[in-house]
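Subject: Structure handover and notes

Dear colleague,

I am passing on the structure we spoke about, together with some notes on what turned up in it. Please have the sequence and the model open beside you while you read.

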Amino acid sequence: MSYRNGPSKGSGGKSGTGSKGGNRTGSGAPALRQSDLLVPLLPFSTKYRSIQEHKARNPHRKYFNEDMIGVSAEWVNAEDGTLECRVHEAAELTVNDEGVAFKEISKPTSEDNLVNVRVFLTTGITAQSPQRDLKHVLRRLDIIGASIPSESRMLTLYGGIMENAADSALISNLIDIVKTQSGLDLSLVSKWTKLGEIQYDGKPDTVVFFPHLWGVPDLQINPQVKTVVEQLEEEETEQIPLSEEERTEIVNSRKAEDSTEGADQTTEEVPETKTVTKTVTRTSEKQVSSIVPTKIAMATLHEYNLAGNTSTETIELCTAVDIFDEWLKREFATKLADTLHAKQAEARRKLEETKRRQEEESSRKRKREEEEESCRKRKAIKIEELKKVWEAEDVGKTDEDKKESDAERQAALKALEAQEKAEVARLMANEAADAKKEPEKKKRGFRVQSLYDTFQYFDRPRGLTSTNNNLSREWLAQQLLCLDKQRTYGDALDLTTLNGLYTKTHPLNYSTFSTEERFVDEEEAQAEVASE
């Protein structure tokens, strides 16, 4: 291949094989739990991965092709977000039952500089059903592969061997091959991404291209059928004339029987024909499927138990799935980082808003208490002034005269007390008025889970079935570090814990975390309904 920056073919060409299946059978090899992932997580941006690194990145695989040297993850050249923004949409690809006629694909004229070119087809992630069957996101992401009935239903990717050339020429040839194999016309696909290269020692490398099917109308994929001629041998009977010798032999035989039995000579006629049985070869034609398009959940391929008796084509299909899986991890990790940054900023804003409100409340309370104290001091001074006046008035008065003045003086003190209470009530009312917000418009609220699949993609329980919607914050922090940004582990933990709002040991419930509450003004909602 044109790109080979990894180890030379002479070094470790057949390293990386694993056990041949153990005592597990079929495709039910369980996925690893997060706690089982003891290998360090590696940066997404590494383009060339040797067989050793490829194994480290995919600990769920127990067997690898013995001729495999490494993998070149070509998708790392794609801009962040080019896949995440579309993968949640359903691509319009219909799998039909009606077959297309078999045609021979022309073979390369030279056996030198060959490459095996394949296409990776997916229809995107389907939404959860209204009944909330809670299928794991990897069980709602279908891959379109090719099943070969004549090869024990071998699974593979569409495509074939061709002479190596520029990517544009490879894609053009691939479009022709796929149309021949399935009737699927990819000529209207405007965006292609080179997914990866699987590099081998001693045989052509495999290049996998990813067509962005979204927005391309009326995509149809069909089985390929071929006419098979069968020859069947059958036995049948036929009447043929007797020869003169056979007729004479029959007559003589009857005469001999009559003379032995002493009976009169028979007059039975000699037959003209005889019945013979012969084997006849008959030819029949029938239509059989040579390639059948098959939708396979990505979870099934992720868990597929590869072994020594697994075909090379199926191993390549699973390797392409692993490459695609890591591309999606980068896309979703980027989305997670953006989301956590926004949540972190929102948490900081709410904290600052709460602090501001508390400070404003404390300031209003302090102001009111100061004014109340001032009111009490004014009352105390007024009382002292009145007492001095009353003392001066009482000079020379009898006790009887003083008693007559007490009622008037008590009324004056009560008036001062009432005045103070009224002033305090006014101050408290002013404080409440200052704290009172402008009334908000009535809003109609609804809740949406816009990021549920993004979080669940990193939740990999055994079997990839439904989950408990909890993720380790430390685990998420490690995924963020794989983005290869200038970010420390502390920075990543700050993101997942929202600056310490939660502890790192407190699981993140992504079902709640990914749910947003959105509001629409009642006036806007009514206007929208009226317009409809």
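The notes below begin with the whole chain and then go through some of its parts.

Please keep in mind throughout that this is a predicted model. The protein chain has 532 residues, and buried residues make up 39% of them. Its secondary structure comes to 12 helices and 18 strands, and its accessible surface is about 30,500 Å², of which 47% belongs to carbon and sulfur atoms. If we take the contacts in the chain with a separation of 6 or more, residues 24 or more positions apart account for 79% of them.

Which strands pair with β11? One of them is β5 (residues 114-119), which runs parallel to β11 and is joined to it by 4 bridges. Along this pairing, Asn116 stands opposite Thr206 in β11, and Arg118 stands opposite Val208. Another is β10 (residues 192-200), which runs antiparallel to β11 and is joined to it by 6 bridges; here Ile198 has Thr206 as its bridge partner in β11. Strands β10 and β11 form a hairpin with 5 residues between the strands, and in this hairpin Gly202 takes a positive phi near 90°.

Strand β5 also pairs with strand β9 (residues 158-163), with 6 bridges between them and an antiparallel course. In that pairing, Leu114 has Glu163 in β9 as its bridge partner. Because 5 of the 6 residues of β5 are buried, β5 is largely enclosed by the rest of the structure.

Turning to the helices, α6 (residues 312-393) and α7 (residues 399-435) pack at an angle of about 170°, with their axes 10 Å apart. An angle over 145 degrees counts as roughly antiparallel, and therefore α6 is described as roughly antiparallel to α7. The residues of the contact of α6 with α7 divide into 11 nonpolar, no polar and 17 charged.

Two single residues also deserve a careful look. Asp325 has its place in helix α6. Is Asp325 buried or exposed? Buried means under 20% relative accessible area, and Asp325 has a relative accessibility of 3%, so it counts as buried. Leaving aside its neighbours within four places in sequence, Asp325 is in contact with Met298, His302, Tyr457 and Arg460.

The second residue is Val137, which lies in the loop between β6 (121-125) and β7 (141-148). Val137 has a relative accessible area of 1%, and so Val137 is buried as well. Which residues does Val137 touch, apart from its neighbours within four places in sequence? Val137 is in contact with Ile125, Asp453, Gln456 and Tyr457. Val137 and Tyr457 are 320 residues apart along the chain, yet their C-alpha atoms are separated by 6.3 Å.

With best wishes

Note on methods: Residues are numbered from 1 along each chain as its sequence is written. This is a predicted model: local features need pLDDT of at least 70, side-chain atom pairs count only at pLDDT 80 or more; totals for chains, interfaces and linings use all residues. Side-chain values use heavy atoms; hydrogens and water are left out. Two strands pair if DSSP finds at least two bridges between them. Helices (H or I, at least four residues) and strands (E, at least two) are DSSP runs, numbered from the N terminus. Axes are lines fitted to C-alpha atoms, for helices over the stretch in contact, and angles run from 0 to 180 degrees between N-to-C directions. Angles under 35 degrees count as roughly parallel, over 145 as roughly antiparallel, 65 to 115 as roughly perpendicular and the rest as oblique. Ala, Val, Leu, Ile, Met, Phe, Trp, Tyr, Cys and Pro count as nonpolar, Asp, Glu, Lys and Arg as charged, and the others, Gly among them, as polar. Buried means under 20% relative accessible area, exposed over 50%, partly exposed in between (1.4 Å probe, protein chains only). Contact means heavy atoms within 4.5 Å. Accessible areas come from the Shrake-Rupley method with a 1.4 Å probe; for residues, only the protein chains shown count as cover.
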